[in-house]
Amino acid sequence: DESINDEYTFIDKGITNIDGREIQVIGFSVETPTRANVYPADAKSCVGEIYVDTQNKAVVQYHVTYELVGTNYLGYNLVSNSSTPATLEILVTYKPFESKYILGGVSVTVANKRLEFVTTDVIIDGAEVIEGRQYIER
């Protein structure tokens, strides 16, 4: 059995400084993204960096970029209306709080202006109206 760690390549990218803390930067990539080792499953490439505090070994930041070639980005209803791949970038930051680290923020960016939001029409016969709910018909 091949371990998921065997599918990732890690590289030491050196030391940087974030908010006065010495941070080790570890780069990573996945040679052949698959459903088993990368989310989202339709990624063509996956590269990123993990930022680790050198004093307490806490992860303080995580940044990953995916090139997406499939039709269902993020597992939602964003689909490409062209063959141009989309780039999905995720940045997760953690901040110190009472000698622990808590989630500081999450940023998700999809870079491809050729995305559409797709919905499904649902037709229901004999639906019961629930008092206080709003119903919109087209």
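1. Quick definition to get going: a salt bridge is a side-chain nitrogen of Lys or Arg within 4 Å of a carboxyl oxygen of Asp or Glu. Keep in mind as you look around that this is a predicted model.

2. How many salt bridges does the structure hold? There are 2. Take Lys 13 and Glu 49 to begin with: their closest N and O atoms sit 2.7 Å apart, and the two residues form a salt bridge. Lys 13 belongs to strand S1 (residues 8-18) and Glu 49 to strand S3 (residues 43-53), so this pair ties together parts that lie 36 residues apart in sequence.

3. Now check how open each partner is. Lys 13 has a relative accessible area of 49%, so we call this residue partly exposed. Glu 49 is buried, because its relative accessible area is 17% and the cut-off for buried is under 20%.

4. On to Asp 19 and Arg 21, which also form a salt bridge, with 3.7 Å between the closest N and O atoms.

5. Val 59, Tyr 94, Leu 103, Val 106 and Val 108 make a nonpolar patch of about 420 Å². Strand S7 (residues 100-111) gives the largest share of this patch, with 3 residues.

Methods: Residues are numbered from 1 along each chain as its sequence is written. This is a predicted model: local features need pLDDT of at least 70, side-chain atom pairs count only at pLDDT 80 or more; totals for chains, interfaces and linings use all residues. Side-chain values use heavy atoms; hydrogens and water are left out. Patches are made of residues with over 30% relative accessible area and no salt bridge: like charges are joined within 9 Å, nonpolar side chains (Val, Leu, Ile, Met, Phe, Trp, Tyr) within 5 Å. Accessible areas come from the Shrake-Rupley method with a 1.4 Å probe; for residues, only the protein chains shown count as cover. Helices (H or I, at least four residues) and strands (E, at least two) are DSSP runs, numbered from the N terminus. Buried means under 20% relative accessible area, exposed over 50%, partly exposed in between (1.4 Å probe, protein chains only).
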